[in-house]
Amino acid sequence: MDIGHDTLVALAKSWGLFYLIALSIGVLAYTFWPGNRKRFARAKLIVLDKEDRPWR
Amino acid sequence: MIAQLTITERHIGLVLAGLVTLMGAALGIAGRNDVLAYQGLLIVVFGALVMIALLRNLDAPEPYESRLAEYYDDPIRFGIVLTMLWAIFGMFVGVWVAALLAWPELTFDAAWASFGRLRPAHTTGVIFGFGGNALIATSLHVVQRTSRARLPDQVSPWFVLLGYNLFCLLAVSGYFAGITQSKEYAEPEWYADLWLVVVWVAYFALYIRTLARRKEPHIYVANWYFMAFILVVAILHIVNNLAVPVGIGNAKAYSAFSGVQDAMTQWWYGHNAVAFFLTAGFLGMMYYYLPKRAERPIYSYRLSIISFWGITFLYMWAGSHHLHYTALPHWVQTLGMTFSVVLLVPSWASAANALLTLNGAWHKVRDDATLRFMMVAAVFYGLSTFEGSFLAIRAVNSLSHYTDWTVGHVHAGALGWVAMITFGALYTLTPAMWKRARMYSNTLVEVHFWCAVIGTLIYVFAMWNSGIIQGLMWRTYNESGMLTYSFIESLVAMHPYYIARTVGGFFFLIGAVVGTYNIFMTIRHEPLPLRQRTDAFGGDRPLVPGE
């Protein structure tokens with residue numbers, strides 16, 4: 001099959017668009033998912049921990 | 001440092017260095033009638049030096065088992081030193097190249113010192129030598145601390161660090177000898193490219209293995225940026241460097257792509273090298289060291305996640321804005337332009353997140369030059385991403401392209417963002433790595449900071465002026481529709497700005513030299529251990545991690 005200019009434009013305007021919209025929805029859902037609130041709140045603070053040893 | 005390796009690890013290292021030496025010898029013999037011979041010789045010397053270092057300590061006793069209760073920081077320390085050495089080399093060549101434009105006789109009639117060879121030596125020295133070593137060192141530090149896990153083994157970090165520096169040496173020495181594949185930021189030829197693939201896969205594996213050992217349930221966002229940097233740079237590097245060498249004993253290779261496809265691949269690579277090498281990697285640095293130094297958590301963790309995915313997925317499409325008004329299909333140019341403009345949203349989200357983190361800590365920014373480095377970096381990140389989106393608009397690009405405005409934009413990013421965040425991170429990291437209470441001299445950090453800021457401002461303003469004047473002179477027509485100015489007239493108009501740029505670059509170089517001296521003195525001569533009484537130094541000294 002020969003992929004021409006029109007095919008590529010159609011692909012970009014339909015599937016390319018849908019995939020980026022789906023991705024944004026996915027990212028926003030992950031970010032604001034209530035179940036993730038605790039682990040994000042914890043992750044935010046781990047940088048400030050002054051302990052300097054690996055956990056065993 | 002070698003005594004910290006187990007005896008088995010020393011043997012593995014010896015075998016690896018021996019293999020590299022043999023490969024170098026094979027390359028040198030096959031390419032004995034070509035400039036390739038020098039590159040083979042360089043690999044042999046490099047491999048032999050590593051082998052000698054290992055052999056000298058081969059019989060040292062086994063390291064204590066207690067090392068496993070500590071993080072593995074030796075490669076990070078070595079990486080910090082290499083970073084500063086490359087900074088001085090790359091920035092020195094940069095000042096030279098800048099001076100060459102104002103005073104063309106500075107090549108001294110030597111072929112190796114011509115502009116076309118010095119310029120890639122500057123870009124590679126700064127981007128890959130300075131930036132790359134800084135990224136490797138800080139990423140290995142951040143991944144251990146945020147995972148609460150030691151690196152999985154002690155050989156592969158050394159393989160990554162030394163192998164990467166061998167690549168940089170091959171690249172830079174090759175340019176001086178006239179070896180180049182003529183693709184901007186991807187100038188090294190096929191043998192060096194193949195070697196980098198091996199090193200980079202080892203780097204990726206090392207990172208994944210450390211994350212797999214993590215004790216924290218969640219992977220901190222800085223690691224996402226470092227992972228994106230490692231993974232995408234691997235993809236970019238492999239695809240853009242697909243080429244067929246003339247022969248095993250010949251340095252020259254021909255690209256697998258031709259014409260506009262080659263140009264598109266190159267700028268997909270070139271722009272995403274900016275995206276993932278110079279942005280994502282250094283954002284990883286910022287998301288760890290800025291909160292650490294300010295002693296405040298990042299303003300919004302959720303915003304950092306959203307901007308991560310925004311940057312990762314939008315940047316990939318933006319490269320074609322480098323090819324406005326070329327043979328590239330119009331819709332591809334428009335696609336690149338559109339994505340470049342949308343890209344401003346996640347970029348400014350990151351910049352705002354960084355600056356808002358400092359809200360409530362502005363007194364620390366005032367007192368602590370290290371934190372000020374990072375604050376200025378965030379400001380320049382916001383400025384240069386805005387400028388980037390703006391320059392990608394086709395109509396603006398028709399004025400700016402091929403002028404010094406582009407050069408000014410790149411340096412606003414490279415000096416203002418990349419180098420500033422790196423120096424901020426290194427001044428935070430160095431005392432922690434050598435268990436010192438602080439840097440050797442806080443005054444010298446201040447000196448470095450002001451040299452860097454003044455140098456950047458002079459540079460960027462000179463290039464803005466020069467670029468816009470240049471662009472306007474090239475498009476000014478007289479009443480009969482002829483060009484008003486000849487090219488040489490625009491060149492004469494640039495002369496004062498080229499001198500100003502050299503001065504700006506020189507300030508920045510001086511700052512880097514001062515910083516290197518300060519780091520060196522911190523390593524050698526600051527005897528104050530970490531947990532000593534600090535009241536002798538007053539209560540206002542900046543805090544360092546680990547305290």
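User: Before we start, what relative accessible area counts as exposed, and what counts as buried?
Analyst: Exposed is over 50% relative accessible area, buried is under 20%, and partly exposed is in between. Keep in mind that this is a predicted model.

User: OK, then B:Arg366: buried or exposed?
Analyst: B:Arg366 has a relative accessible area of 59%, so it is exposed. Its side chain forms a salt bridge with B:Asp367, with the closest N and O atoms 3.1 Å apart.

User: And B:Asp367, what's its class?
Analyst: Partly exposed, because its relative accessibility is 47%.

User: How many salt bridges are there over all chains?
Analyst: The count is 16. One of them pairs B:Arg209 with B:Asp153, at 3.2 Å from N to O.

User: What about B:Asp262, which residue does its side chain meet in a salt bridge?
Analyst: That's B:Lys183, also 3.2 Å from N to O. B:Asp262 is in helix α8 of chain B and B:Lys183 is in the loop between α5 and α6, so this pair ties together parts 79 residues apart in sequence.

User: B:Asp262 and B:Lys183, buried or exposed?
Analyst: Both B:Asp262 and B:Lys183 are buried.

User: Switching to the nonpolar core. Which residues touch the most other members of the largest one?
Analyst: B:Met91, B:Tyr164, B:Trp200, B:Phe229, B:Phe277, B:Trp417 and B:Phe423, in a core of 155 residues. Helix α8 (residues 259-294) of chain B is the top contributor, giving 16 residues.

User: What is B:Met91 in contact with, leaving aside its neighbours within four places in sequence?
Analyst: B:Val126, B:Phe130, B:Phe423, B:Phe508, B:Leu509 and B:Ala512.

User: Now chain A against chain B. How many residues are in contact?
Analyst: 29 residues of chain A are in contact with 35 of chain B. About 3300 Å² is buried between the two chains, and carbon and sulfur atoms give 64% of that.

User: Which residues in chain A lose the most area to chain B?
Analyst: A:Lys44, A:Val47 and A:Trp55, which together make up 19% of what that side buries.

User: How many residue pairs in polar contact between chain A and chain B?
Analyst: There are 11, counting pairs with both residues at pLDDT 80 or more. On the side of chain A that touches chain B, the elements giving two or more residues are α1 (5-32) and α2 (37-46) of chain A. Of that side, α1(A) gives the most, with 12 residues. By class, the side has 18 nonpolar, 2 polar and 9 charged residues.

User: And how many salt bridges between chain A and chain B?
Analyst: 5. A:Asp52 forms a salt bridge with B:Arg145, the closest N and O atoms being 3.0 Å apart.

User: Which residues do salt bridges with shared partners join into one network?
Analyst: A:Arg42, A:Asp49, B:Arg148 and B:Glu216.

Definitions and conventions
Residues numbered from 1 in each chain as written. Chains lettered and ligands numbered in written order. Predicted model: local features only at pLDDT ≥ 70, side-chain atom pairs only at ≥ 80, totals over all residues. Heavy atoms only, no water. Core = buried A, V, L, I, M, F, W, Y, C linked by side-chain atoms within 4.5 Å. Buried < 20%, exposed > 50% of the residue type's maximum accessible area, 1.4 Å probe, protein only. Helix = DSSP H or I, 4+ residues; strand = E, 2+ residues; numbered from the N terminus. Contact = heavy atoms within 4.5 Å. Buried area = accessible area lost by both parts, 1.4 Å probe. Salt bridge = Lys/Arg side-chain N within 4 Å of Asp/Glu carboxyl O. Polar contact = N/O pair within 3.5 Å; in protein donor to acceptor, adjacent residues only side chain to side chain. Nonpolar A, V, L, I, M, F, W, Y, C, P; charged D, E, K, R; others polar.
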